[in-house]
Every structure is written in structure tokens, then in C-alpha cells.
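Try each task on your own before reading the solution.

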Amino acid sequence: MATDKKTLTGYVGFDSITSQIEKKLLKRGFAFNLMAVGRSGLGKSTLVNTIFASHLVDSKGLLKISENGQPIQTTEIQSISHIIEENGVRLKLTITDTPGYGDQVNNDNCWEPVVKYIKDQYSSYLRKELTPTRDRRITDSRVHAVLFFIAPTGHALTPLDIAVMRRISEVANVIPVIAKSDSLTLEERASFKKRIKDEIEFHGIRTFPYADVFVDTEDDGQPLNDDERAERQLINAVRDVIPFAVVGSERNVVVDGKAVRGRRTRWGVINGIDGFVENEDHCEFVALRNFLTRTHMQDLIDVTAMVHYEGYRTKQLMALKGQSNN
Amino acid sequence: MASSGASFKSGGARRKATKKGLVFTVMIVGASGCGKSTFINTLCENPVILRKDHADAEKAAQLKTIGLAPTTVELDEDGLKLSLTVVDTPGFGDNINNEPAFEDILGYIEHQYEEILAQESRIKRNPRFQDNRVHVLLYFIQPSGHSLREMDIEFMRLLGARVNVIPVIGKADSMTPQELNAFKKRIMEDISHYKIPIYDFPYDEEEDDEETIEENNELRSLLPFSVIGSEDEVVISGRRVRCRQYPWGVVEVDNSKHCDFSKLRYMLLSSHLHDLKDITHDVFDDDDEQD
């Protein structure tokens, strides 16, 4: 039965539902879960601290040494949550910083702890959903975005990077990022980006935003309206910039009399790192930050729930059904 | 061929280069993207190693093994001829499992010792035999800013037992001076802690003169050498400069305030060349003969 649109003869006032929802949401607060993955020494922790303008994680770079002189690697994945507030909007931000992989001689299956962690969050959410008496509001610990850090080699992706990125992209939203991009000249950066995009496409790795997943519009074969066209345009624009070339810093330099995040070398000062100085030539941090926080945060959460989690849930429930049939 | 400005001194207080045509072999090891090939080209002042970026993703995916490719270049400085052989190791350290690649490298080094032994044991020796023993191995460390990775420790330790190893930080322009100093310090602490054998400019307090001792101490304090490579020359204020141009500034290869490249080059090809060769022949090769 199709519902048809009727025209109103007077003002009813149900359009205030948006502000009713907003009030409730503001009270409830929002949650966003971000994970950083990449080889060690790429500045993952530093960048995360820069995005949210606060010191949220400590760099776990240094190897620990055991009694017999052999180095121990920390392979535990730890999450840290902080509540940050802006203009009355409370955000519970959970950062999962993974210690770098790829340092060992044999790195087989180094992606397993990360993939397991992501799946564990889905598993825990599913269990809470299926409990007879469940919480009114399930705390969402599912990873909404995985920043995948690529070393600025200027060549191509390594077989190890491809293997790890592929496996993670099968279970969560992966956003590739070129780390420490201040070691690349502008030409090198452009050709490196192109090469990475080609490799990602060749290996069939799906990175966020997906060219074929639209959260707010239905692909029903009808011609696109303005909103739908705008959404697709935005997605294409972002896919063009990705991978974001970033530089991180927790130290300040003075630019035009202001203290901003920057890196001071013997041959110049790199700024544009924190968005106070917008300098795309130096670093695409602003684009990444806006993407994560100002335009696509809700999309990341929605796609995680509607696509990745759904996929996991379907598999699990079918398996359960199969077991109960036997 | 542009001169790098460092004059070719004949080996400190020790040996004089009496023969024309010195032979020297350098091996470069490290994960890809550390600037190894560019370093080689910068060192030889010629595009010796061509860009290995396989044309597209498809070809790159098909490539399985790394290739150990020795290339020889004739250098001539102030009349002294040097036949420099560079062994590049593309693809090392990039794979999921790097043991096979590592064994290839160690095998190559051992093979050269075996060849020399076989040659010397011959009754009728081949006059055109080429001595391909690796006199020094430059191990490129990624500029992570943290410390040595487990892979670095394992490899340097095993390689250092068979060849002179000198640790080098590639793409050093990705770090600020403070980060670089802290990084160098941590690496040397790791090297000392894990007892990794490296070539650290040894001298004899009794025998060597003060100038040599001072020179060696200075070089030792620079370890690991920070390098930047560039094959592009740009004219800046009337001078031709090898450099990298960023939006925020220009990094010069030969400027010792920017990196240690010029000191490393001088040390390798001039002041310490003979010492490196001597140690290779007397210490490392000797071990082989006694087996």
C-alpha cells in the first residue's frame, strides 16, 4: 500500500520534532570510536592527539626489554575513552591505539589481534541485543573508523600493508592516511597518492567512503534528486583526496604571532597541522579533521551499524540457526 | 660528473694508495622507501640504480623475490681511480615473512668469502678474478623516531658477525634536529644493549696519532649517520645545489648542518676505505678460513 503525500491546509507544528530530537540527543550525548592502525613509528598516537586537540594517548613506541635481553613487543590493544564537550554537545570519544605491527622478521597473522578486537565489539553488541532483558540503550563500543597509516615511502604499498588493510576493510570502515607526509615533496605526494589509489583498487580493498553505499538515499532506479546528487558529489570529492597526507605535532611554533601546532626543522617550519593555519600544501590535516568530525562522523557510525555490523550479525544468526536445526 | 667537494685523501696516517684502481664493495640493506636507491645514486653522482617502481600494481603484485643486484661504477677523484661496486637489496623487509630475503643476503656475503677461498686454493689462479667481498654494509633504519625494531636488531646482529655494518638513518629530513638527536641516542643505546657488532671507527690509543683519534671519535659520535638523497640539482643563489624542495624550505644534501651525507661519503670512499677493507680481509675472512 503506497503512502501518498497530502498537502496541509494549515500549520500543524510537527516540524519541531527536529528540535525535540536534538534536545534528547544532547542530553544523551554521542559516542565515536576511532582506531589507529599502522606500522610502528608512523606517528599514529601523535596524530590522534592532534585531531581532537588534546593529549589522549601516549605513544607506545619504545620496546620493552625482558630479563634475558630479548625485546618484548606490546601486542595488547588498548582503548581509552574521554568525554569532550563543545557548545553543549558531549562526545564520548574512544580511541583504540594499536601498537605498530611489522617490526618482526616474520609478521604472519599480525592483523589477527586487530580484526579480533573489532569482531569482539560486534560480538558483545550482538549478545547485548539478544539478551531477554536488555539495556535500554546499549553502549556502542563498535569501531566506527579505522585510520590506516601508510609509511611515506613514495613507492607503493608493501605486501604487508595490503594484507592488513584488506583484512580490516572486510570488517570495518578503513580510511587510509599517509603518515609523516612532510618527508614527501608535493610531486612525490601526488604520484604516491595515485599509486596507492591504483593499488587499493587493483587489490579490491574497499575503503570508506564507499562508492556504492549511500546511507541517506535509496538506489531505487529513479533519477537522482538534488540531495542525492549532492551526497554522491561529496563522496566523490572525498574519495579524490584520500589518502589524506598528514603531519602530526604536539609542539607549537609561532606563525604570524600566533602559537600553532607545527614542526621546526633547520630548513623551514611546517604548519597547517592543526587547522589554525589552513595550509593544504603543508598538510591535509584540515581535510581529514573536517571529514572525521564535521561531515562524516554520523555516516561512519551509520555505515558501521548498517553494513559491517549487519554483515557480522547475519553470519552469526545464520550459524546459530544452522546449529539449532541439527 | 660534478665533484662533491670532498677531496680524495689517501687513507689517513696509515696506508697510501700505491696501486691505481682501488676496488671497493658496498652493500645497502633496509626496507624499501628508506631512500636507499636515491642514496646510491647520490653517492655515485650518477643514476646508477634506476627507479624500480614497477609500472603498475599488477606487475608489482606478481613480483615475489628480491633481487641482489651488484652494479659497478668507476669513480675518479683528483686522479685516483676507484671501482665502486654497490649491491642494492630491493624489497628486503617488506614482506610478511622476511626470513627468506634475509637468508639470501647472508648467503650472498658468505658466497663471496667462499669464492675467494676457492680462488686462493687454486694452483692456477685466474688473473681476472674479481674480489667481490662486501667491505661494508650500510643498514638503513626507517626514520620512525622511536628505536630499533626487532627486525633491525636481529638482522644487524647476525650481519655484523660477518661484515662491517654501519647503521644509517634514511630520509633523515622527516625529523627535526631534536627528534634526530634523540633517535640517534636511542639507537646507539639499543646497539650497545643488544651487543650488536658495528663498525664504530676503532683506533689504537697507543699507535694512532691524535688527529686520527680525534677524527674517529668525531665520526663515532655521528653514528648512526643521517642521510638525505637527491638526484635533482637546483640553482640557488648562483650555486648548483643537490637538494629537496618542500613548500616550507629546501634541504641540501651536501650541507653538513642538514645531514651527515658528506661526512659519510668521505669516510667511506676516502679516509676509512682501507680500514674497512683490512678488517674484512683480516677479521671476517679469517674466521672463514679457520673453519
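**Getting oriented**

Chain A has eight helices and twelve strands, where helices (H or I, at least four residues) and strands (E, at least two) are DSSP runs numbered from the N terminus. This is a predicted model, in which local features need pLDDT of at least 70 and side-chain atom pairs count only at pLDDT 80 or more, while totals for chains, interfaces and linings use all residues. Residues are numbered from 1 along each chain as its sequence is written, chains are lettered from A and ligands numbered from 1 in the order in which they are written, and side-chain values use heavy atoms, leaving out hydrogens and water.

**Exercise 1.** Find what share of the residues in chain A is buried.

*Solution.* Start with the cut-offs: buried means under 20% relative accessible area, exposed over 50%, and partly exposed in between (1.4 Å probe, protein chains only). Chain A holds 326 residues, and 47% of them are buried.

**Exercise 2.** Locate Glu207(B) and decide whether Glu207(B) is buried or exposed.

*Solution.* First, look in chain B at the loop between α5 (177-193) and α6 (210-222), where Glu207(B) lies. Next, take the relative accessibility of Glu207(B): because the value is 69%, this residue counts as exposed.

**Exercise 3.** Describe the surroundings of Phe129(B).

*Solution.* Begin with the loop between α3 (99-121) and β4 (136-141) of chain B, which holds Phe129(B). Phe129(B) has 26% relative accessibility, so it counts as partly exposed. Finally, set aside neighbours within four places in sequence: Phe129(B) then contacts Glu115(B), Ile116(B) and Gln119(B), contact meaning heavy atoms within 4.5 Å.
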